[in-house]
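Hello,

Here is the structure I promised to pass on to you. Please have a look at it first, and then read my notes below.

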Amino acid sequence: MAPPVAPATPPDDALDGDAERPRPRGLAADTGQLLIEGVRAFRGLFDVALRTVYWSLKGRREKGVVLEQAFEIGNKSVFFLTVTQGFIGMILVFQSGLQARRVVPDLTMLGATFLELLVRDLAATLASMMLATRVGAGIAAEIGSMVVTEQVDALRMCGVDPVDWLVVPRFLASVVMTGVLIFYAGAIAYFAGGATAWAVFDVQPQTYLNARLLDIGDVSIGLAKCVAYGAAIPIVSGWCGLSARGGSEGVGIATTQAVVFSSLAVIILNLVISGVGFVLFPV
Amino acid sequence: MPPRRVIELRGITKRFVDGPPVLRGVDLTVPRGCLYGLVGPGAAGKSVLLKLVVGLLRPDAGALLIEGEDITGLDELRLHRVRARIGMLFQNNALFDHMTVGENIAFPLRRAGVTDAAALAERVADRLRMVSLPGFEDRMPAGLSGGQKKRIGVARATALKADIVLYDEPAAGLDPVTSQKIFDTLRAEQREAGATVVMVSSDIERLLTITDRVGMLHRGRLIFDGTTAEALASRDPRVDQFVHGKTDGPL
């Protein structure tokens, strides 16, 4: 077999001497590259978080911008959360009741246990996971499309920090509205669960509506989660949007990443806050 | 006395992740009050070069000087101060979707501290007349044609009357008459204000009627830098082919 013939005239790039040449890569190089990209991404996220806090304290908002975002994040999520949290409440009480009945014949503490679980963990975490999909995707898609159409560059040309202009109003609105929505979603889940307990297990409302197990620790942990999740979702999603590259494909990738990373952030924060909460307020 | 060299690039190299270098050691100087035409085939690095000049992108190597000040390593906050002296038209116009045309044009002025509503309205109306779109203040960008968006972009880029203005394809998508009008208007404004302008355009024929100097980028290298007359008379086959729009040649 004849050896391949070299081209008579080398291409321009080859003449330049600094052209890209395919380099052999191994597992170590790939792992190293992955690590570098991971560190770079984390630095980017940290930078967005820092700038968000800085501009939240120092920046000046245009009239109505935060309210507009509060409407987008809060009011427009009400239907979605009502449906999902209602069903989740029903399913959880139904499954818990079935399991509990195998061990103890008495279901009088079903409502009290469910309420404690909701306040301490489930209301905040489940509602925030839902918000991460609806709100997170929306934020990343909106900011990402502004990046790929150079609108973010145009903002920077006018002396505007895109984090101040695009992320901070969503952050402020989210911190407030996520708390409100979690309270609302928790109530929906609790009452839907109560209806299930009454219909399936014959647990009377006056028995179900029992807050005896609830203490200051549960409320503190629940509130901490409300604030943490409300802050994390717009920061992570904003960072994903600002990292969008290319065209519509880049926006799609940023949107997917926003949902994945926001959900991941909620889970990680849940673990951290629950761990700290367990130490501070043991059950 | 202000420095004569307004924009200066020294050995600028830029590459994006996993790609070949977009710019390779580019040295370029734009003197004060000059209308500099930057030309070259597609993907030659022209738009990247404009973004480097205003710090929207950072070079991998080399130095960038604006009016003698090295801006290569400046942080975003200090770059804001530099950008306040520069107007820019983006290739994709970059009009803010959620703002009306009037708000788009007024935005750089408001950010520069102009708060008087009457002055803002007057300036917006003046810019809209300049691009032959009077009365478009309340329209939304989504309802405009490509050419109209481009003209609104030009109006916004010139709203500040900046000392330095960068235009990335100011006539793309415009009909020949409007295109010529825009070129003539921008030239007249540049002369009147004494601004330093860098203009990237694929409409070579019209561009060369208004430029003082021309630079040609090819595969990330500045292969020509000289007066418009020198460009038209260049013996470099690549420059000759490009500026005269010949189909036969090395490009």
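B:Arg156 sits over the face of B:Phe96, 4.7 Å from the ring centre. Likewise, B:Arg139 lies over the face of B:Phe136, at 4.4 Å from the ring centre. (A charge counts as over a ring if NZ of Lys or CZ of Arg is within 6 Å of the ring centre and within 35 degrees of the ring normal.)

Before you go further, please note that this is a predicted model, where local features need pLDDT of at least 70 and side-chain atom pairs count only at pLDDT 80 or more, while totals for chains, interfaces and linings use all residues. Residues are numbered from 1 along each chain as its sequence is written, chains are lettered from A and ligands numbered from 1 in the order in which they are written, and side-chain values use heavy atoms, leaving out hydrogens and water.

Next, the aromatic pairs. A search of the whole structure gives eight of them over all chains. (Rings of Phe, Tyr and Trp, the last by its six-membered ring, pair if their centres lie within 6.5 Å; planes under 30 degrees apart are stacked, over 60 edge-to-face, and the rest tilted.) The rings of A:Phe114 and A:Tyr190 are stacked, because their centres are 6.5 Å apart and their planes at 25°. A:Phe114 belongs to helix H5 (residues 110-148) of chain A and A:Tyr190 to helix H7 (residues 162-201) of chain A, so the pair ties together parts that are 76 residues apart in sequence. (Helices, H or I with at least four residues, and strands, E with at least two, are DSSP runs numbered from the N terminus.) A:Phe114 is buried, with a relative accessible area of 5%, and A:Tyr190 is buried at 7%. (Buried means under 20% relative accessible area, exposed over 50%, and partly exposed in between, with a 1.4 Å probe and protein chains only.)

Another aromatic pair, A:Trp165 with B:Phe107, is edge-to-face, at 5.2 Å centre to centre and 75° between the planes. This pair crosses between chains, from helix H7 of chain A to helix H3 (residues 101-111) of chain B. Both A:Trp165 and B:Phe107 are buried.

What does B:Met99 touch, not counting residues up to four places away in sequence? Its contacts (heavy atoms within 4.5 Å) are A:Trp165, B:Asn104, B:Phe107, B:Met140 and B:Pro141. B:Met99 is placed in the loop between strand E6 (86-89) and H3 of chain B, and B:Met99 is buried, with a relative accessible area of 6%.

Best wishes
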